[in-house]
Amino acid sequence: MDRLTRAVALASARHPWRTVAGWIVVVAGIFVLAAGAGGTFADDFSSPGSQSAHATTLVTENFPEAAQGTALVVLEAQDGTTLDQDRAAVAGVLADVAALDHVASVTDPYRAGTVSEDGRIAYAQLTLDVPERQMGKPAFTVLSDAVSGMEATDLRVELGGDAVFLNAENKDNGHVGIGLLVALLVLLVVFGTAVAAVLPIGLSLVSVGAAIGGIMLLSGSMTVSVSAIPVAGLVGLGVGVDYALFVVARYRENRAAGQDNGAALSNAMGTSGAAVVFAGGTVIIATTALAITGVGILTSIGLATALMVLSAVAAAITLLPALLGLLGDRIDKGRVVRRHRPAKVPEETVWWRFGHRVSARPWPYLVGSVFVLVALAAPALAMQTAFPAAGDAPAETTHRQAYDLLTEGFGVGVNAPLTVVADLGAPGVDAAGLPGLVDDLASVPGIASVGVPQTSADGDTVVLAATPTTGPADPDTSATIDRVRDVIPGNVYVSGITATTDDLNAQLARTLPLFIGAVIAVSFLLLMMVFRSIAVPLKAAIMNLLSIGAAYGVLVAVFQWGWGAELLGLQGPTPITSIIVVIMFPILFGLSMDYEVFLLSRIREEYDRTGDNTESVARGLAGTGRVVTSAALIMVAVFLSFVSSPVVSLKMLGLGLAVAIAVDATIVRMVLVPATMALLGKANWWLPGWLDRVLPHLAVEGESVHDGSGTPAVPARPGTEPTFDELLR
């Protein structure tokens, strides 16, 4: 791997303008193709083979009129009046709504009986002229703004329903810019020059832009979640900056050691560049493994994240070497620190001293760090997952206000409607048995009301709505769905957002063990191939699980228990989103491997050179401590910037990733790793002979370019070093 990475990088550096032009052409081509062949984004929460998925397919294929998207126009009388007194105003508003784009019909709340008992609140069902997936977020935003912005005397108008909530566009509050600004400040401190600091951020933005085009193109061949770009972009920004940071830091370190630009670049790409490829490949494998869950939204987010990381890796080994080649000595331009202090030798760094301190007394450090991690992870044992509802949205949004009005006027269950679909063409209930089916549904504990059945034109499919007494995120609603499914015949199915998410959770419960096992097994195998050890990958897997557990624990404490929730702009406790919990696992497992690889590859490099386990750990920490800490700070800054997002799920993801990275780069890499390596000694690098013979070799730390004497090519005097072209040949 190191030779291939070095060859690709040097080829890019030898033809920098061709490389830059190639990137421009490829990115432009991707966006042109995406404009013509891309699709719209939609969330696919269905679970293959589930009741809700079967019901959705049945309605889509046999009763397309009932498959059109719907929303609820919610009306409230103002100033002590009732809607009965404002019939003319209500009729005028509904007529205006019916005239809007994408509105096929609007029901009359008086005829439909959807007026509250006190006459203050009512809702009319709005039917779209297309399925909601075909509309997209921009069209829903226009519709929501138009309805909620309607003015009528003594009348308040809001637009709600699951379709509006799930397709709501979120205002950009500049959180990404904040994260990048912090990253720039960290890079300025690390490198001390403006050019070196700006380069990783610029490269990250280019790679993220290219990947966004790829995700748009992907949406033309499969259903891609509306959350795919935000989630993938969150990861892409972090890894894009970090990967470039690792390479640029090693490149400048080599230059400071006396290597010319060509040798410095070659050695940086053969070491840190190869580690970037390996680390990025691990993240790509882990996120792609989300397809194992069989859940459409997770598969699309996993593939989108994999594309984002792939773009970051490609930029780091092609575009970055080309830019470094073009910059040459100008990489040190724009110095922000007046005095340039010479680099310290390892023995003079705090990392080297700390490594020896931990190695001298490993047990106290091991026990203390494990105690902290277990304490952070403990709340995760009480985790309760659910799916977000409009009631969790910011209070100023129209769908949240509609949710609150509906709850006030009709009870919270109206926000969690169940869709019951009967296939009359299959054995079970027939047309004559529909009244009995309605009675059976109405008698189920937890069902407040059952709507009038609607029959397709061919008479084979019947759809009716059932309203539970409890809300969408309430466990009692799930229990009600189970009771409904117990009483209905075999040709009747239950769907709706709550039923769909219940089926999704059941699907995850079945597939998560395989998914988690696959991610851990592949990561274990790859690390074993690289480091020729059993202990190293085993420790890495355990430590990664501890980091992830700590992140889950913090999420439970902040979101589920509400500790400090107000600081994040929340109004109180909110359930943990099950999808976010799953998405976090492969991302964190892959990102944790980044720091593991960069640290252990340097430790292994020193161990091969000295054979001294303690000294190699100390020198590994000294060689990577500053860079890994800086990379972690950047990643944490980018992730924490998403905590200011108005979307609760993005807040969870940003905080969870930030906590895990902070824990991983400090407690795990700087304390647990040296403590365990000191205790294991030479056993760190033990591998059975038979396994060593059958296991393929995968090198991420190649040998440096040498001058023939066995030492890295540092010139004896100016003018004697190999030229850049000589290195490339």
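Ile661 sits in helix α23; helices here are DSSP runs of H or I with at least four residues, strands are E runs of at least two, and both are numbered from the N terminus. With 0% relative accessibility, Ile661 counts as buried, where buried means under 20% relative accessible area, exposed means over 50%, and partly exposed falls in between (1.4 Å probe, protein chains only). Along the chain, Ile661 and Ser592 are 69 residues apart, yet their C-alpha atoms are separated by 7.2 Å.

A quick word on where the values come from: this is a predicted model, so local features need pLDDT of at least 70 and side-chain atom pairs count only at pLDDT 80 or more, while totals for chains, interfaces and linings use all residues. Residues are numbered from 1 along each chain as its sequence is written, and side-chain values use heavy atoms, with hydrogens and water left out.

## How α20 meets α23

Two packed helices are described by the angle between their axes and the distance between the axes. For α20 and α23 (residues 648-680), the axes come within 8 Å and cross at roughly 145°. Axes are lines fitted to C-alpha atoms, for helices over the stretch in contact, and angles run from 0 to 180 degrees between N-to-C directions.

The α20/α23 crossing is right-handed: a crossing gets that label if the near helix is turned clockwise from the far one by less than a right angle, and is left-handed if anticlockwise. In the contact of α20 with α23, the residues split into 20 nonpolar, 4 polar and 4 charged. Ala, Val, Leu, Ile, Met, Phe, Trp, Tyr, Cys and Pro count as nonpolar, Asp, Glu, Lys and Arg as charged, and the others, Gly among them, as polar.

Helix α1 (residues 2-14) has 13 residues and should span 18 Å at 1.5 Å a residue; the end C-alpha atoms are 18 Å apart, which agrees. The expected span is 1.5 Å times one less than the number of residues. Buried in α1 are Asp2, Thr5, Arg6, Ala9, Leu10, Ser12 and Ala13. They cover an arc of only 155° around the axis, so they end up on the same side of α1; the arc is that of the directions from the helix axis to the C-beta atoms. Arg3 and Leu4 are exposed on the face of α1 turned away from the buried side.

Helix α2 (residues 16-37) has 22 residues and reaches 31 Å from first C-alpha to last, close to the 32 Å expected at 1.5 Å a residue. Its buried residues are Pro16, Thr19, Val20, Trp23, Val27 and Ala34. These cover an arc of only 105° around the axis, which puts them on the same side of α2. The other side of α2 carries the exposed residues Trp17, Arg18, Val25, Val32, Leu33, Ala35 and Gly36.

## Sheets and strand pairs

An open sheet is formed by 4 strands in the order β2-β3-β1-β4, with antiparallel pairing. β2 and β4 (155-160) stand at the edges with a single partner strand each, so one side of each has no neighbour in the sheet. From one strand to the next, the twist averages 25°. Strands β2 and β3 (residues 121-128) run antiparallel and are joined by 3 bridges, with Val103 opposite Leu128 in β3. Two strands pair if DSSP finds at least two bridges between them.

Elsewhere, strand β6 (residues 418-423) pairs with β10 in the antiparallel sense over 4 bridges, and Thr419 stands opposite Ser495 in β10. In a regular strand the side chains alternate between the two faces of the sheet. In β10 (residues 492-495), Val492 and Val494 point one way, Tyr493 and Ser495 the other way, and all are buried.

## Positive phi in two loops

His102 has a positive phi of about 70° although it is not a glycine. The loop holding His102 runs between α5 (87-98) and β2 (103-106), and the residue is partly exposed, at 32% relative accessible area.

Arg532 is another residue other than glycine with positive phi, near 50°. It lies in the loop between α19 (497-531) and α20 (535-560). At 11% relative accessibility, Arg532 counts as buried.
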